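Take a walk through this fold, one packing arrangement at a time. Keep the model open as you read.

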Amino acid sequence: MRLECILLAAVGMLLACGQSEDERQRVSHAESVRAARADSAALKVAVTPTLDCLPLYVARACNLFDTLGADVRLRPYTAQMDCDTAFERSRVDGMVTDLVRGQRLIRRGFPLTYVTATDAYWQLVTNRNARLTQLRHLDDRMVAMTRFSATALLADEAVSRGRLKPERVFMVQINDVGVRLDMLRNNSMDAMLLPEPQAAVARHGRHRVLLDSRSLDICLGAVAFRPALLKDTARKRQIDVLIKAYNMACDSINKNGVAAYRDLIARFCGVPGLVVDSAMGALRFRHAALPRKKDIEAADKWLDRQ
């Protein structure tokens, strides 16, 4: 009798465990379905580890999107090309990009609408060991950039200002901005176009800046979304919330200084906090405003020549 009781108890335990496992699977499936629905309804934005995305990073870190009543999710990528791919394949609804890439996407049949310009800028940095002190010294040198992007446009501008023959400057496509910076630090590249905060890391390492896009009066950073979203009431509200949160984040950055967000920059951009303190300077971020017509025209004009 005792043996029978033990066997019955064992069977009962097995049945209970089986039911528990079944229940766990049902709960897990239900949670997956809920998560998928929530993700589908959320506004997904592709971002890169660059400082033009800082207002969005601050907005997320300070829960501004949630506080304002919208589910906005940032999707990080290490290269703008990956953002383009995610946009083309409908993995994201919008992205932080530049006007050259944006205008090229439109030409390739992927319509988009710019909702704001950003404060992105790029610097042409040369390897300190290469001893390049003028743009004309780029002759027979390698310059890292990304094809069909703001960096390609600016590289061509550097060649023109240096009065160099285009075929004498070797443009090397390095899409990942972190890899590009590593190539400078490892002395495997002569020069490159870098955004912030990667340019700050280069300057901190005493690499020389030969060109700054801000001196050219050209602003190529932008945030863009699918035009169809602006016609959908719910989606339009999400984008409006994103813009409001973006402006609030800009105010916070301008009030407290970029250095106040050194830990956030270090986490999302992979640069040391010391660099933010010593090399970033008093950067200020402007409220959301549409890109200037002249900047879009500059991007189109350059694309026409390619």
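Helix H5 passes helix H12 in a right-handed crossing. This is a predicted model, and in it the axes of H5 (residues 99–107) and H12 (residues 293–304) come within 9 Å and cross at roughly 65 degrees. From H5, the contact uses Leu99, Val100, Gln103, Arg104 and Arg107. H12 brings Asp295, Ile296, Ala299, Asp300, Trp302, Leu303 and Asp304. Sorted by class, the contact has six nonpolar, one polar and five charged residues.

Turn to the sheet. Five strands form an open sheet with mixed pairing, in the order E2-E1-E3-E10-E4. E2 and E4 (113–117) stand at the edges; each has a single partner strand, so one side of each lacks a neighbour in the sheet. From one strand to the next, the twist averages 30 degrees. Inside the sheet, E3 and E10 (residues 221–225) are antiparallel and share five bridges.

H4 (residues 80–88) touches E1, E3 and E10, and its direction makes about 140 degrees with that of E3. H9 also packs on the sheet, touching E1, E2, E4 and E10. The direction of H9 makes about 45 degrees with that of E1.

In soluble globular proteins, nonpolar side chains tend to be buried together. Here the largest nonpolar core has 57 residues. Those with the most contacts inside this core are Val45, Leu54, Leu56, Leu194, Phe225, Leu242 and Val258. Helix H9 (residues 233–256) gives the most to the core, with nine residues. Another core lies apart from this one; it has 42 residues, among them Leu138, Met145, Leu193 and Ala224.

What does Leu54 touch, leaving aside its neighbours within four places in sequence? The contacts are Ile253, Val258, Leu264, Ile265 and Phe285. Leu54 belongs to H2 (residues 54–61). This helix is mostly covered, with six of its eight residues buried. They are Leu54, Pro55, Leu56, Tyr57, Val58 and Ala59. Around them are strands E1 (43–47), E2 (72–76) and E3 (94–98), together with helices H3 (64–67), H9 and H10 (262–269), against which the buried residues of H2 pack. After H2 comes Asn63, with a positive phi near 60 degrees.

Thr118 sits in the loop between E4 and E5 (122–126). Is Thr118 buried or exposed? Its relative accessible area is 1%, so Thr118 counts as buried; the cut-off for buried is under 20%. Which residues does Thr118 touch, not counting those up to four places away in sequence? They are Asp52, Gly221, Ala222, Val223, Tyr246 and Arg286.

E5 pairs with E8 (residues 191–195) in the antiparallel sense over five bridges. There, Trp122 has Pro195 as its bridge partner. E5 also runs antiparallel to E9 (residues 208–212), joined by four bridges. In E9, Leu211 is the bridge partner of Leu124.

Key:
Residues numbered from 1 in each chain as written. Predicted model: local features only at pLDDT ≥ 70, side-chain atom pairs only at ≥ 80, totals over all residues. Heavy atoms only, no water. Core = buried A, V, L, I, M, F, W, Y, C linked by side-chain atoms within 4.5 Å. Buried < 20%, exposed > 50% of the residue type's maximum accessible area, 1.4 Å probe, protein only. Helix = DSSP H or I, 4+ residues; strand = E, 2+ residues; numbered from the N terminus. Contact = heavy atoms within 4.5 Å. Axes fitted to C-alpha atoms, helices over the stretch in contact; angles between N-to-C directions. Left-handed = near helix turned anticlockwise from the far one by under 90°. Nonpolar A, V, L, I, M, F, W, Y, C, P; charged D, E, K, R; others polar. Pairing = 2+ DSSP bridges.
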